Amino acid sequence: MDRNDLRTIWDAIWPFVPPSIGAYFGLKWRVEQTRQERITTWACSAFLSLYLGAALGEHFDMGIKATSGVTILIAMLLSDIMGVLVASARQWTTDPVGTFKRWRDAFLGRSDKP
C-alpha cells in the first residue's frame with residue numbers, strides 16, 4: 001500500500017466524514033422540533049451554507065473540493081446552531097426568569113449543588 005492507495009481511500013471516505021460528525025452531534029444533543037422549526041432550521045443552514053461556502057471559496061481562492069467541504073461544514077454547524085437557538089427560545093418562552101438565573105449562574109460559574 002503506497003501513498004496513492006491511501007489517497008484513493010481518503011477520496012472515497014471524505015464525503016462521508018462531515019455528515020457523520022454532524023449526525024453524531026445531532027443525535028447526542030437533539031432537540032424535539034415541530035415541523036415548522038425543522039423547516040426553518042434546514043432552510044437557514046442550507047441556504048446560508050450555500051452562500052457562505054461559495055463566498056469563502058471565492059474569497060480565499062479555494063478549489064472545488066475545498067469549497068464543497070467548507071460548504072458542508074458550514075451547513076452542519078449552522079444546523080446545530082439553529083437547533084441550539086430553537087432550544088434556548090423554548091426555554092426563554094416557558095420560564096424566562098428561571099432561564100435567566102440558570103444562564104447567569106452558568107456564566108458566573110455558580111452551581112446549585114454544594
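Colleague: How many aromatic pairs does a search of the whole structure find?
Modeller: The search finds one. Please bear in mind that this is a predicted model.

Colleague: Which residues form that aromatic pair, and what is the angle between the planes?
Modeller: W92 and W103 form the pair, which is edge-to-face, with 80° between the planes and 5.4 Å centre to centre. W92 belongs to helix α4 and W103 to helix α5 (residues 96-108), so the pair ties together parts eleven residues apart in sequence.

Colleague: Changing topic, how many helices and strands are in the protein chain?
Modeller: The protein chain has five helices and zero strands.

Colleague: At what angle do the axes of α3 and α4 cross?
Modeller: The axes of helix α3 (residues 35-59) and helix α4 (residues 64-94) cross at roughly 145° and come within 7 Å. The crossing is right-handed. Among the residues that meet there are L48, L52 and L56 in α3, and I74, L78 and M82 in α4. By class, this contact has twelve nonpolar, nine polar and two charged residues.

Colleague: And what is the radius of gyration of the protein chain?
Modeller: The protein chain has 19 Å, whereas a compact globule of 114 residues would have a value near 13 Å. The C-alpha trace spans about 60 × 35 × 30 Å along its principal axes. Of the 114 residues, 20% count as buried.

How values were computed:
Residues are numbered from 1 along each chain as its sequence is written. This is a predicted model: local features need pLDDT of at least 70, side-chain atom pairs count only at pLDDT 80 or more; totals for chains, interfaces and linings use all residues. Side-chain values use heavy atoms; hydrogens and water are left out. Axes are lines fitted to C-alpha atoms, for helices over the stretch in contact, and angles run from 0 to 180 degrees between N-to-C directions. Helices (H or I, at least four residues) and strands (E, at least two) are DSSP runs, numbered from the N terminus. A crossing is left-handed if the near helix is turned anticlockwise from the far one by less than a right angle, and right-handed if clockwise. Contact means heavy atoms within 4.5 Å. Ala, Val, Leu, Ile, Met, Phe, Trp, Tyr, Cys and Pro count as nonpolar, Asp, Glu, Lys and Arg as charged, and the others, Gly among them, as polar. Rings of Phe, Tyr and Trp (its six-membered ring) pair if their centres lie within 6.5 Å; planes under 30 degrees apart count as stacked, over 60 as edge-to-face and the rest as tilted. The radius of gyration is taken over C-alpha atoms; the globule rule is 2.2 Å times the number of residues to the power 0.38. Buried means under 20% relative accessible area, exposed over 50%, partly exposed in between (1.4 Å probe, protein chains only).
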